[in-house]
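Please consider the following structure as a whole before turning to its parts.

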Amino acid sequence: MLLTIPSCFGRPANNFEMNPVALVVDDLREQYTREMALVRQTCERTGDGTAAIRRRSAVVDRILIEMWRRAFSGLPTQSVALLALGGYGRKDLFPYSDIDVLFAFADDRTEEQSREAVRAVIQGMWDIGLRASPSSRTMKEAGRFDADNLEFTLATLDRRFLAGQFPLYQQLHQVTFPGLVLSEWNTITQKLGEIARTRHAKYGNTIFHLEPNLKDCPGGLRDYNLAVWFAVLFHLKETKEWPRQRGGVFQSARGDAEAAFDFLAAARCFLHFRHGRDDNTLDWQSQDEAAARSIGLETRGTADPSYWMRTYYRHARVIYRRAALLMEHLPAPVSFYRQFRRRRTPIAGTDFLLDQGRIDIQPGAQFNDTSAILRIFSLMATHGYTLSQAAEDRITDALPVLAIHIPEGPYLWNALREVLLGPHAAHALRTMHALGVLEMLIPEFHGIDALVIRDSYHRYTVDEHTFLTIDNVHSLRQPAHEYEQRLAQLLPEIDRLDLFLLALLLHDTGKARRTGEHAGQSVELADSFLARLDFDAEERESILKLIRLHLEMSVAMRRDIFDLENVRSFAEKIGSPQLLKMLTLMTFADIKAVNPDALTPWKAENLWQFYMSTANFMDRSVDETRYHAAIDPTLLNRIRSMVPSNQYDALKQFLEGLPQRYLQTRLPEQIRSHFQMALNLDKDPVQLDLRPNRQLFDLTVITRDRSRLFADVAGALAAWGMNIVRAGAFSNDAGVIVDSFHFTDTFRTIELNPSEMDRFLQNIQDVVAQKVSVQQLLEARRHLNHPSNIKVEVPTRLEFDSESSTHSTLLQVVAQDLPGLLRQIALTLSSHQCNIEVALIDTEGETAIDVFYLTSRGTKLPPEAQQTLGADLTHALKGMRAPAA
């Protein structure tokens, strides 16, 4: 193909004629296609992503050099140079990355005279299939700093000569670029730090994402380059010359940073080749395929996706940590003041110095005293200090020597205890873990290092989850929410907070064995460690019992938290009020550490209510299951004061037989409001109340009982795209139904269209009154509600239990969280003449965990009825997965 670039400029000075430059690029395109096919074949065969990006850089080098030769052939010699910048400049050219190049000119006249040749090169790049990202600067322009275009300045840190006049490149390399960077050093480093912090904040300042971006996420390739840039900038400032080896300060004797880069390079090459474009998101399906092909791993064959992601997180942790440490070297914006107050204070009894919140190492220090190292981590836990990179590297390198002098018994416990009790304990423990010190002291912890629980609910690796649980407990000293203020009341009542925090540190270590039930395995591992601490039998048993029971409260909360049998069974397992308090705080910290949205306000409310119910039971002051005024007139008397005297009898009739859980979870004002709604049933047989409650909506439906009522309301909500997160079905002895639904407005329909509120309520009213078929509403929105992009297939599991409740059969349904799921379950229950006494709805990621307390004709379900219902329900839920026609 012959490219002709016409001129669109007037005649330049000195009568230099600009003629269109014609380039033949067909052979170059074929050459590039052929050589890139070899690059891909080699990469897929060897798995070496680093070699692949180097090879592509070399391929593009040859193409551009030849294109330059053709474009400038026959033209007068010009003082022009072609430079590779950015990723291309450092020879990290991924399969579908842009090609950053700089056309450098001696002056404006040279730029004008070379314009047609330069255009021909750029056009040729695009025609060949190279995504050109060109810049052009005269020597004068190259020496100017543009604060709004920091990307260009950063790109020049990674530059290489490709073609043209080498003396011009030397001038840029030796004088122009270093002079520019040194003159604007503070501004460049500060802005670079700001950009990085903004990017980290966008991703929640964490490496833990279900579908991470290999380039932009914390711990990704951009952070690797960030660390190298800082290393180059610090070296240039100190020596006034470029480092001979790019990013040498960033490297370590262990080579962990280089190994992390090699893994990420292999993974990003895999993504580019897989998608055929510059796509850097490691989605769920890509993780499966990368694991199946052992991308980035030393061994070939097939790997487990959880193991593969575990490797990813280990490498991301190395890069993120080292990048963060280098960022801490940045000077304060007012550097003179920082220098004025700079003071390095020796830490007594150690070889360390304290320098403005950072712990550094003294020159010539020798590491042979483990006790001094442990004291450093105690200071970090108490005051929030950080280690310098030099100190971290020296500690890591000295681990073999330190391991010879590991303290045991009371001395080890005293050192670890100081760390655990510090308000910044999680920060200190993360540092100990990253440096290998924690595993040296507690080998049992090694098994959960970067261990992945691969589902859409657990966001963090097991080790990070453990540190977050400890952080969550310490955060109760400064509670941020109302529910945290209540839970914080329990913290001072914990007799041995140190033992409680140690239990948290060890509570999930058993997950490393992958045997399913990890609590028992964690107890075994914890027991072996506690034996080395020389704990007495009482201390040991208190920790082991807490670990053994740490899931029990979460399990019990999936039942009716006001059901007497559930409370009694849980209380009997716990046995003591002190253990109950610790278990409540442990459950709070554990759930909150699963993912940022796991502990919703209503779940925290349920936790507190269940704690109170169990504490009351232990104090032998438990209420009856259902309310009867003759037994407990207190509530009746409280609400009577809020209504006219002529309504006393009606109020008593309304309250009679309502479940205690309804009365205990509502304020007297709410109960009075519901009573007033019930009084109006003769005027309008359907009473509705819809109220926003934080991020949820609360819908109360009061009407007279009828079959399929619960299913119809659930279906109407599903038809509007509402996601039900909690529901309750209540009735009194007079047959008045008080159903409550707590839901999120998934598509923000009501928020964005306030006028839709009336139509929404009218739809609910018509469905309850049986004026409109709920099936008709669902069909109208079926195309909107059909599930898509399911990451984890959740198999349906049903479990019947007729022992936990004295009056009902419990049915637990674990299934894929799909639109209309609750309605489908309720319809099936109704078709079997089952009455829903209580419905407890919960969702964990893509898993719905719904518990129903069922009766049939006032009694529990017999075994044969359970079997028939189970078969029909399984069939009905299986049908929901079928795609819409």
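The briefing below moves from the whole chain to selected regions.

This is a predicted model. The chain holds 40 helices and 18 strands, and 55% of its 885 residues are buried. Its pLDDT averages 87, with 91% of the residues scoring at least 70.

**Overall dimensions and surface**

- The C-alpha trace spans about 110 × 70 × 55 Å along its principal axes.
- The accessible surface of the chain amounts to about 38500 Å², and carbon and sulfur atoms account for 49% of that surface.
- Of the contacts between residues at least 6 apart in sequence, 70% connect residues at least 24 apart.

**Confidence**

- Strand β3 (residues 80-84) has the highest confidence, at 97, whereas strand β1 (residues 2-5) has the lowest, at a mean of 37.
- Residues 1-17 have a pLDDT below 50, and this stretch makes 46 contacts in the model beyond near neighbours in sequence.
- Residues 620-624 also remain under 50 in pLDDT. For residues 620-624 the model shows 7 contacts beyond four places in sequence.
- Where pLDDT is low, the predicted coordinates should not be read in detail.

**Nonpolar cores**

- The largest nonpolar core comprises 108 residues, and the members that touch the most other members are L64, L83, Y88, I99, L130 and W308.
- Helix α11 (residues 256-275) is the element that gives the most to this core, contributing 12 residues.
- I99 has contacts, beyond its neighbours within four places in sequence, with residues including V60, L64, Y88, L93, M125 and L130. R56, R131, A132 and S133 are also among the contacts of I99.

**A covered helix**

- Helix α23 (residues 497-506) is mostly covered, with 10 of its 10 residues buried.
- The buried residues of α23 include D498 as well as L497, L499, F500 and A503.
- The elements covering the buried residues of α23 include α18 (409-421), α19 (425-435) and α21. Helices α24 (518-532), α25 (537-548) and α28 (577-592) are also included in this cover.

**The four-stranded sheet**

- An open sheet of 4 strands runs in the order β15-β16-β18-β17, and its pairing is antiparallel.
- Strands β15 (797-801) and β17 (835-844) each have a single partner strand, so they stand at the edges and one side of each is left without a neighbour in the sheet.
- On average, neighbouring strands of this sheet are turned by 15 degrees against each other, with direction ignored.
- Strand β17 pairs with β18 (residues 847-855) in the antiparallel sense over 9 bridges. Within this pair, I836 lies opposite L854 of β18.
- Helix α39 (residues 821-831) packs on the sheet and touches β16 (809-816), β17 and β18. The direction of α39 makes about 25 degrees with that of β18.

**Buried charged residues**

- K603 belongs to helix α29 (residues 601-618). K603 counts as buried because its relative accessibility is 8%, below the 20% limit.
- The contacts of K603 are Y457, M557, I591, A598 and D842, leaving out residues up to four places away in sequence.
- D449 lies in the loop between α20 (437-441) and α21 (462-475). D449 is counted as buried because its relative accessibility is 7%.
- Beyond its neighbours within four places in sequence, D449 contacts R310, R314, R317, H433, E439 and D463.

**Positive phi angles**

- Most residues other than glycine have a negative phi.
- Q770 is not a glycine, yet it has a positive phi of about 65 degrees. Q770 occupies the loop between α36 (756-768) and α37 (774-780). With a relative accessible area of 56%, Q770 is exposed.
- Q833 likewise has a positive phi, near 55 degrees, without being a glycine. Q833 is placed in the loop between α39 and β17.

Notes:
Residues numbered from 1 in each chain as written. Predicted model: local features only at pLDDT ≥ 70, side-chain atom pairs only at ≥ 80, totals over all residues. Heavy atoms only, no water. Pairing = 2+ DSSP bridges. Helix = DSSP H or I, 4+ residues; strand = E, 2+ residues; numbered from the N terminus. Axes fitted to C-alpha atoms, helices over the stretch in contact; angles between N-to-C directions. Contact = heavy atoms within 4.5 Å. Buried < 20%, exposed > 50% of the residue type's maximum accessible area, 1.4 Å probe, protein only. Core = buried A, V, L, I, M, F, W, Y, C linked by side-chain atoms within 4.5 Å. Areas by Shrake-Rupley, 256 points an atom, 1.4 Å probe, with all protein chains shown as cover. pLDDT = per-residue confidence, 0-100.
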